[in-house]
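The following paragraphs lead the reader through selected side-chain pairings in a protein structure. Please keep the sequence and the structure in view while reading.

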Amino acid sequence: MNKTFGIFMAASFISLTSFSKPVQDDDSLQWFKKTTSVIAHQLNKAAATYTPGQNPRSVNPDGKVRFAAYKDWTTGFFPGALWYGYELTGDKKLAERAKSFTLALDSVRYLKNTHDLGFMLYCSYGNAYRITGDKAYLPALADGAQHLYARFSPKVGVIRSWDFGPWHYPVIIDNMMNLEYLYWAAKEFDKPAYIYAASTHANTTLKNHYRKDHSSYHVVDYDPATGKVLRKATHQGVTDESAWARGQAWGLYGYTMCYANTKNANFIAQAERIASFIMNHPRMPKDKIPVWDFDVHNALDVEERAPRDASAAAVIASALLELSTQVKDGRKYLSYAEEILKSLSSDAYLAKPDENSFFILKHSVGAFLYNSEIDTPLDYADYYYLEALKRYAAIKKTNLPKI
């Protein structure tokens with residue numbers, strides 16, 4: 001989700017020239033060309049079918065599309081996917097439609113009861129501003145960042161996640177993803193306090209969310225008065241002690257991004273430890289698309305039948321591609337991410353044109369324990385898949401369309 005893509009792309013070209021090759025000259029990368037064709041088709045069909053302000057989120061068991069209204073935590077992903085689709089294909093219709101779907105989310109700027117403003121605003125408005133330079137997108141981004149920062153407690157050292165449930169001061173590993181919004185906003189709006197909040201949150205999470213094997217808890221509940229850890233638990237994983245796949249992906253992405261913004265050595269070290277946990281996990285399937293929880297077999301004894309989570313794989317791929325540009329031995333991360341992208345771009349996971357309710361990827365899992373969004377397309381799977389493809393193209397030096 002790194003929106004300072006020009007800087008990233010330049011760094012990619014410098015650090016990886018020894019093992020990069022232009023996509024257009026490499027016959028082994030025909031899968032990439034095929035994928036971009038499917039992307040352009042599906043996104044154009046989706047944008048023409050659905051209405052701004054009611055963004056496609058997933059598909060229900062009855063085959064009907066589940067929509068995300070502006071208060072839904074996933075609402076920014078479809079506009080963001082349209083912006084990424086425009087960058088990957090150069091299709092100006094996608095840019096026009098991305099603008100319409102983005103501006104329909106203006107009311108998100110007033111929300112104060114969610115930590116997901118990075119997902120909601122930075123993925124939509126942030127991409128819009130990065131690509132177009134249109135300052136009309138900035139007021140909403142300024143308001144959202146201010147409200148996200150307001151959820152930071154110096155006493156606890158973290159940004160509060162939820163305002164619901166039996167928790168005292170809950171923080172979920174997902175919250176690492178929203179820190180990028182604060183890092184960007186700190187520079188854009190001259191708010192150094194935002195950097196302090198983001199880095200403090202990352203440090204506190206590193207201390208309290210991670211086990212000795214470098215897997216992550218999903219939820220840590222704090223005492224808001226003292227900052228003491230009250231409970232380590234899950235809301236998504238199969239057990240409190242299990243390794244929920246997308247949670248591991250959020251952490252990998254988060255610490256890689258935090259390092260890119262701060263150059264804090266502790267953050268890149270943590271990112272590499274998480275990457276090692278994921279990449280060397282004995283229960284990672286051969287195609288590198290994890291089941292929804294790495295420990296599902298311990299509780300359910302259905303490892304072979306447990307649904308895969310393409311959304312976790314897409315986030316992992318995007319994170320590893322970024323990580324490959326931040327360390328000296330980045331080849332192993334690039335190679336692993338390439339394997340993931342090839343799997344996601346195969347017929348097993350990539351939708352055929354006009355199918356899958358115009359989503360791009362199949363076979364993701366939202367919340368298995370709540371029988372919600374199981375083995376279905378998801379808007380954030382598509383978003384991070386497209387982001388990963390963009391990062392991959394930059395590293396491989398393909399000639400992306402001039403826009």
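A residue is called buried when its relative accessible area is under 20%, exposed when it is over 50%, and partly exposed in between, with a 1.4 Å probe and protein chains only. The model is predicted, so that local features need pLDDT of at least 70 and side-chain atom pairs count only at pLDDT 80 or more, while totals for chains, interfaces and linings use all residues. Residues are numbered from 1 along each chain as its sequence is written, and side-chain values use heavy atoms, with hydrogens and water left out.

Side chains of opposite charge can pair when their charged atoms come close. The structure holds 18 salt bridges, a salt bridge being a side-chain nitrogen of Lys or Arg within 4 Å of a carboxyl oxygen of Asp or Glu.

One of them joins Glu87 to Arg130, with the closest N and O atoms 2.8 Å apart. Glu87 belongs to helix 3 (residues 77-89) and Arg130 to helix 5 (residues 117-132), 43 residues apart; helices (H or I, at least four residues) and strands (E, at least two) are DSSP runs, numbered from the N terminus. Arg130 has 23% relative accessibility and therefore counts as partly exposed, whereas Glu87, at 9%, is buried.

Glu87 also forms a salt bridge with Lys390, the closest N and O atoms being 3.3 Å apart. Because Glu87 lies in helix 3 and Lys390 in helix 14 (residues 379-395), this pair ties together parts that are 303 residues apart in sequence. Both Glu87 and Lys390 are buried.
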